[in-house]
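Student: Please take a close look at the aromatic rings here. I would like to know how they pair and where the pairs sit.

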Amino acid sequence: FGGRKIDAASLEELEEALYAADFGVETTEEILAEIKAAYAKDKTLQGQAAAAIGAAVLKRVLAGSEGALDGAGAGGPGPGSASPATSKEPIVIAMIGVNGSGKTTTAAKLGWRLKEDGKTVTLAACDTFRAAAVEQLKTWATRLDLEIVASHTGADSAAVAFDAWQAAKSRGRDYLIVDTAGRLHTKHNLMEELAKIRRVLQKNDPTAPQHRWLVVDGSLGSNSIEQARAFHKSFGLTGLVVTKLDGTSRGGAIVGIYRQLKLPIYFLGLGEQAEDLQPFSVENYVNALFGLD
Amino acid sequence: MFESLTEKLGQALRNLRGVGTLSEENMAEALKEVRSALLSADVHFKVAREFVERVQQQAVGQQVTKGIAPGQQVIKIIHDELVRLLGEGTTALSGERPLKVLMVGLHGSGKTTSTAKLGKLLKKRGYRPFVVACDVYRPAAIDQLEILAKQEELGFYADRVSKDVPAIGSAALAEAQAATADCIIFDTAGRLQIDQDLIEEVKRLRARVQPDEVLLVADGALGQEAVNVAKAFHDALQLTGLVLTKMDGDARGGAALSIKTITGVPIKFVGTGEKTADFEPFHPDRLASRILGM
Ligand SMILES: Nc1nc2c(ncn2[C@@H]2O[C@H](COP(=O)(O)OP(=O)(O)OP(=O)(O)O)[C@@H](O)[C@H]2O)c(=O)[nH]1
Ligand SMILES: Nc1nc2c(ncn2[C@@H]2O[C@H](COP(=O)(O)OP(=O)(O)OP(=O)(O)O)[C@@H](O)[C@H]2O)c(=O)[nH]1
Ligand SMILES: [K+]
Ligand SMILES: [Mg+2]
Ligand SMILES: [Mg+2]
């Protein structure tokens, strides 16, 4: 192509930016291929224009990926629920994921956000395994004035989930947010425990948990895709939350997850405080990635 | 899952059959596969590029050994170089007594758990360890370390009122000395490398307690961000080693190569589970095979 030097340099820069964002080999090569094709047609293209093409490709790849909690089903009976509106059942949102991804913090942030929106919320402390996991969620509940159902470390996590659902139901709460223990997706016995939590919740309401969100650490690389695949297979995911994007991580691995599993992305975690949870927007995410406004 | 590198290389190296000497040209395709394998293992793209260039320099001009498939020979060169790089330095900790260790890293990387794991390991080696809760932010972080310390019968210090982390460090040192501990491990809060206030805080803690070891605790599944993290933590705190956690999963662990290349500090320990016993000295050959997908 014409203007070879400038093009090669800006292409390389773009390639580096794409890798640095953890897009991985496949997505990076796809975006680069489109840009190269555009160059072939218009030989005066410059770096900024190349970025715009990259952004357009990514927006196309991510089309339909914005999850909306206030859409169908939220605030009322779950989809497919036959229960009459008078005996309202809580919408259950389960936070799952590998160790340290941000589940407990996200559960607290989401509870706070829903409460700010005028909804009523109960938290369920179903990480009965890790040292002080129960205390961690309880501390959040106290700090944010949220209702919580908890037992002790070593208790049966599924039993806590069952009790929390009953409590949320009897008090007429809108949402039940279930925090679960971190577990690597490669461990069958731990994945089985998750399935048990789901089975027990379904005794109360066959549609629960309506939301099964994988909480993904945005600073991780390609392993996030393996994680998503495995959790989806054994638990049937309905969405994603990507955390720790307040640093310089770009969380590009979620693009790979979305491409493969088409799971909507609900929220981004942008810090350690209650208000640091932002609804996911393709437009904002992609523009920030490519340095466009 | 991943197509194994050996398989891919087998394809790429077909054109090496019957060749007498390795050259830039006849290895080009194979080295492209190596770069691609490193990138899929989350090795930083610049680190991957440098690594491939180095392997290329080593291999070019080598005679293809009779009786060995040239592909095998190239794979061996790559593997050996990776083992050499990853294994530079020692997994041994400083011999100082009392031994002071500072644990630092991003949020949720495994610092608190690794603090307890290291305490347990050193206790087994005859030390009298003491662990210190310097995370004054995360809800129940102090409780978490206290529970683990009790469980492993380690000395423990926390101040549930103060937010002055360097002062907590000093007080802990005095307490540990009074308890005749000979190994003091400081657990710190998770922090982003760009959070100036928190980086300043841990720098002041470091200056106050003068640790013999500063260990970066990093998630084995970390992505490209590993380079920024390693660089900033190393600049601020002069790291002495790396702890690679959550390697009981299927992460390829390429971040370790990035961090190693950027900082030059040895990889000392690997976390292989949630239990306090799941902690081992680092083995470079295992990680090399894993990164290469072999
Ligand atoms: N900077 C930043 N830190 C976060 C974010 N979300 C969570 N964290 C921090 O990440 C660490 C781990 O968060 P947790 O909520 O405990 O993670 P978890 O998934 O519940 O962890 P386990 O239950 O141990 O598996 C804590 O230090 C949190 O404060 C975020 O969006 N940004
Ligand atoms: N599977 C596995 N889990 C680990 C390993 N090391 C730590 N964890 C888990 O990872 C999660 C986070 O560990 P912590 O020790 O709380 O991490 P941290 O770095 O202290 O977190 P913050 O203080 O919030 O920054 C917990 O669920 C631990 O049980 C490991 O080697 N393997
Ligand atoms: K990243
Ligand atoms: Mg948790
Ligand atoms: Mg901690």
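Tutor: What follows goes through the aromatic pairs and then the charges placed over rings. The model is predicted. Over all chains, the count of aromatic pairs comes to five. One of them joins W213(A) and F267(A), whose ring centres are 6.1 Å apart with 55° between the planes. That angle makes the pair tilted, because planes under 30 degrees apart count as stacked and those over 60 as edge-to-face. W213(A) belongs to strand β5 (residues 211–217) of chain A and F267(A) to strand β7 (residues 265–269) of chain A, so the pair ties together parts that lie 54 residues apart in sequence. W213(A) and F267(A) are both buried. With Y266(A), these two residues form one aromatic cluster.

In chain B, another pair is made by F269(B) and F279(B). Their ring centres lie 4.9 Å apart and their planes are at 20°, so this pair is stacked. F269(B) is in strand β7 (residues 267–271) of chain B, while F279(B) is in strand β8 (residues 279–281) of chain B. The two residues are 10 apart, and the pair links distant parts of the chain.

In chain A, R198(A) has its charged end over the ring of F235(A), 6.0 Å from the ring centre. In chain B, the charged end of R97(B) sits over the ring of Y127(B), and the distance to the ring centre is 3.9 Å.

How values were computed. Residues are numbered from 1 along each chain as its sequence is written. Chains are lettered from A and ligands numbered from 1 in the order in which they are written. This is a predicted model: local features need pLDDT of at least 70, side-chain atom pairs count only at pLDDT 80 or more; totals for chains, interfaces and linings use all residues. Side-chain values use heavy atoms; hydrogens and water are left out. Rings of Phe, Tyr and Trp (its six-membered ring) pair if their centres lie within 6.5 Å; planes under 30 degrees apart count as stacked, over 60 as edge-to-face and the rest as tilted. Helices (H or I, at least four residues) and strands (E, at least two) are DSSP runs, numbered from the N terminus. Buried means under 20% relative accessible area, exposed over 50%, partly exposed in between (1.4 Å probe, protein chains only). A charge sits over a ring if NZ of Lys or CZ of Arg is within 6 Å of the ring centre and within 35 degrees of the ring normal.
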